[in-house]
Amino acid sequence: MEQTRPAAATAAAPDRAGTGPARLADVDALRGFALFGILTVNITYLASAFHGTGVDEPGFGSPLDTGVRAVVALLFEAKFFLLFSFLFGYGFTLQLDSAERRGARFTPRFLRRLAGLFALGVLHAVLLFPGDILTTYAVLGLVLLALHRIRPRTAVRTAVALFAVTATAYLLLALALRGADGGDPAVAAADAQRATEALRGGFGSVVGAHLDQLPDVLFLLVFFQAPAALAAFLIGLAAGRHRALADLARHDRTLRRLQAVGFPLGLLGAGVYTWSALTHPGPAAEVFALGVDVATAPVLAAAYAATVLRLAAGRHGRRLVAVLAPPGRMTLTNYLTQSLVCVLLFTGVGAGLVGRVAPAGVALIGVALFAAQAAGCRWWLARHPYGPAEWLLRAFTALSWPRWRGAASGDPRRPLG
């Protein structure tokens, strides 16, 4: 993902006839799109301690509130981390090939990179947002390293098996939970209210609330996100082996097919998931809906990716890439900054707005934050080769100080940061 032109110039004037900077900018744009989706989901958890508890937040039950929740659940939840995981696996293969061409030792550097991600993830989970994904990526990166010589076809088959086994496990669990009591909603509401009050407290109270949430988050990561993320890693690895994103024109028919299959099937499964998220029908139905989403979210994520890539290659692609590519080159900095801004907005460390902003307002804050990041990244990359967090991670990975000044060259081989 190395370029010789500044990031802003590359995004603003990609060379659609070539396979160099323009194609690399398209990958960055896809990564920026995934980052926006992740923010749209994460901010709902950062703005409300009730989200995901199975009970509705008091005071926000208007049709508009319900509609916004439905849109986020239908189009965003459980989809965009898959897209980002795919890009992690894709970038891994490019990093590996680059190291082999240069005769560099890849494994020690990659292990240091994973260690750096894990350390940042732990700090992020405790101080900013318990729903951290960096630690999961760091651990699964070890699995990816162990499987890096796997054949592309075997990688895809393994990924499909992972999705299928995980979905089947949820469906079988749903059968076992038929007739089970879903617990007292009043107790869940009281717990969420206590968490809200803790998040409105000072720094120590906020950290304590994060630590209290970590066991539930860890359970979700291990039994839902980790298997799906690993599967997406493997699909990304297979795509990277074939350089699938290097010549999009050659794969336009495949991208069209992904859209034709992914949108109807993915939205159907997402509809089941959304129904469960909004109605709280009980443990058996909720687990069933989660299993359906595990099976269908990957094809919807693929349809999203195909759409962004086709738009980026189209007549208005230059504008799309100009907006999405700069934040896509600074994903680690933006991911951490998003959580930091939300902590300052929603917890007692700052404005203490947790539980006080309606879902529509939360969504607008997310859009405004991403727009500000897109503009800020464009400005930053015209003056610096890497984002601040990316620079720090590269320094730890290489055990040397990277260049600080100068325009960015943009490197899609970076999995995250």
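1. A quick term before we start: a helix crossing is left-handed if the near helix is turned anticlockwise from the far one by less than a right angle. Please keep in mind that this is a predicted model.

2. With that in hand, have a look at H7 and H9, whose crossing is left-handed. Their axes come within 8 Å and cross at roughly 160 degrees. Angles over 145 degrees count as roughly antiparallel, so H7 and H9 run roughly antiparallel to each other.

3. Which residues make this contact? On the H7 side they include Pro152, Ala155, Leu162, Phe163 and Tyr170, while H9 contributes, among others, Phe223, Phe224, Pro227, Ile235 and Arg241. By class, the contact of H7 with H9 has 18 nonpolar residues, two polar and one charged.

4. Next, the second largest pocket, which holds about 800 Å³ of space. Its lining is made of 27 residues, and Phe86, Ile235, Ala239, Leu258 and Ala302 lie nearest the centre.

5. Where does the lining come from? Two or more residues each are given by helix H4 (80-102), helix H7 (152-176), helix H9 (203-241), helix H10 (252-279) and helix H11 (283-312). H11 gives the most, with eight residues.

Methods
Residues numbered from 1 in each chain as written. Predicted model: local features only at pLDDT ≥ 70, side-chain atom pairs only at ≥ 80, totals over all residues. Heavy atoms only, no water. 1 Å grid on protein atoms, 1.4 Å probe; cavity = no way out; pocket = protein on both sides within 12 Å on 5 of 7 lines; lining within 4 Å. Points joined across faces, edges and corners; volume = space filled by probe spheres on them. Helix = DSSP H or I, 4+ residues; strand = E, 2+ residues; numbered from the N terminus. Axes fitted to C-alpha atoms, helices over the stretch in contact; angles between N-to-C directions. Parallel < 35°, antiparallel > 145°, perpendicular 65-115°, else oblique. Contact = heavy atoms within 4.5 Å. Nonpolar A, V, L, I, M, F, W, Y, C, P; charged D, E, K, R; others polar.
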